[in-house]
Amino acid sequence: MPVSYQPEQKLIDSLQAYDFSKRLTSYRCKTCGSKMLCRCWVDAENHNKDATWDVMCGTLEKADGVYEYLAHEQIEDTLDGGFANFLPSIHGKDLPRWPQTPDKNVLEPRADQVLPLDWKATDRPNVQPSPTDRLHCHCKCNGVEFWIARPSEKSKNAANHLNKSGPDAAWWLMDDGKKFLAGVCACDSCRLDSGQEWLEWAFVPTVDISLDAEGEKPWNLPFGSLKGWGTLKGYMSTKAEEQSGSVVRYHCGTCGASVFFTSDARTDHIDVAVGLMDAPEGARAESWLEFWTHRLSYGEDSIRRNESVTHALETGLKEFGQRHGLAAKQAELEKSLLHQK
């Protein structure tokens with residue numbers, strides 16, 4: 001926001017603050033956890049000096065013509081390019097991919113100042129999946145943490161709420177059952193619950209989730225009973241309730257991280273926020289997940305308020321799928337699922 005912007009103190013007092021770092025303090029709704037504002041201190045060591053404010057884009061009911069994407073930043077932290085690989089350009093203009101904090105005085109960076117599309121860190125480990133692997137998932141403050149096992153035969157037997165049959169019935173498993181399905185959701189409910197334009201979810205059977213690294217404490221928490229587990233807080237989302245039965249979304253009550261989407265329509269599965277996954281190979285956790293790139297989930301919600309960026313993301317996802325050999329097989333899989341009785 002402009003340096004002159006200052007939210008009313010009444011608004012600030014109504015929100016829950018979390019010191020994300022010495023320089024950044026985030027503010028979110030105390031009820032649903034939606035992240036609303038971020039205060040950026042000019043001097044991380046002296047909070048008596050000036051600060052600027054950021055507004056979370058997902059809270060805006062109208063986005064087209066209100067703000068403009070200029071670049072991706074902190075790409076090196078992802079190890080694999082992260083979400084930026086899904087949104088490489090807007091209006092045909094490439095978005096610069098800054099390794100760390102961008103130089104705001106440079107609108108057209110040189111090639112040696114930014115990272116190329118599909119960059120991956122040279123020291124990124126070459127993960128060789130093992131059936132004994134456990135993926136540690138946690139929020140920023142570590143108030144919520146759990147572990148996910150590799151897909152196995154028991155993963156295939158989770159109840160199928162879509163009532164599909166045949167070889168592709170276990171729609172939540174990809175790559176011949178070796179990875180969990182993940183997707184990008186742009187529905188209004190995800191947007192308003194998080195304050196972000198969209199969220200990335202992984203669809204994981206609860207039999208593959210444990211509360212300890214050894215897998216000895218299985219997930220045995222019935223739908224709607226997670227409130228009070230660690231620092232988890234739940235909120236029933238009325239819009240999602242209309243689309244998916246009774247829905248409860250969960251976030252960390254301390255740092256505000258999005259954690260779970262749960263529905264009584266599919267109690268054997270839980271949607272896990274991909275941002276929690278501490279995969280050694282990178283932010284997209286590609287030894288664990290395959291992202292659905294054939295379409296953007298609930299793009300119809302996003303397009304009415306942010307048409308240009310929605311189209312850019314839909315295009316970027318499909319191009320990612322084409323570059324990485326996912327497009328053709330996902331198109332065939334979708335056709336197969338649509339034609340099953």
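This is a predicted model: local features need pLDDT of at least 70, side-chain atom pairs count only at pLDDT 80 or more; totals for chains, interfaces and linings use all residues.

Trainee: What about Cys 40?
Mentor: Cys 40 is in no disulfide either; its nearest cysteine sulfur, in Cys 38, is 4.3 Å away. The search of the whole structure finds zero disulfides.

Trainee: Why is Cys 40 called buried, and what is Cys 29 called?
Mentor: Buried means under 20% relative accessible area. Cys 40 has 8%, so it is buried. Cys 29 has 22%, so it is partly exposed.

Trainee: Now the rings. What makes Trp 171 and Phe 203 an edge-to-face pair?
Mentor: Two values. Their centres are 5.8 Å apart, and the limit for a pair is 6.5 Å. Their planes are at 65°, and over 60 counts as edge-to-face. Therefore the pair is edge-to-face.

Trainee: Which parts of the chain does the pair link?
Mentor: Distant ones, 32 residues apart. Trp 171 is in the loop between helix H2 and strand E9, and Phe 203 is in strand E11. Both residues are buried.

Trainee: How do you know that the charged end of Arg 150 sits over a ring?
Mentor: The distance is one test: within 6 Å of the ring centre. Arg 150 sits over the ring of Trp 288, 3.7 Å from its centre. Likewise, the charged end of Lys 140 sits over the ring of Phe 20, at 4.6 Å.

Methods: Residues are numbered from 1 along each chain as its sequence is written. Side-chain values use heavy atoms; hydrogens and water are left out. Rings of Phe, Tyr and Trp (its six-membered ring) pair if their centres lie within 6.5 Å; planes under 30 degrees apart count as stacked, over 60 as edge-to-face and the rest as tilted. Helices (H or I, at least four residues) and strands (E, at least two) are DSSP runs, numbered from the N terminus. Buried means under 20% relative accessible area, exposed over 50%, partly exposed in between (1.4 Å probe, protein chains only). A charge sits over a ring if NZ of Lys or CZ of Arg is within 6 Å of the ring centre and within 35 degrees of the ring normal. A disulfide is a pair of cysteine sulfur atoms within 2.5 Å.
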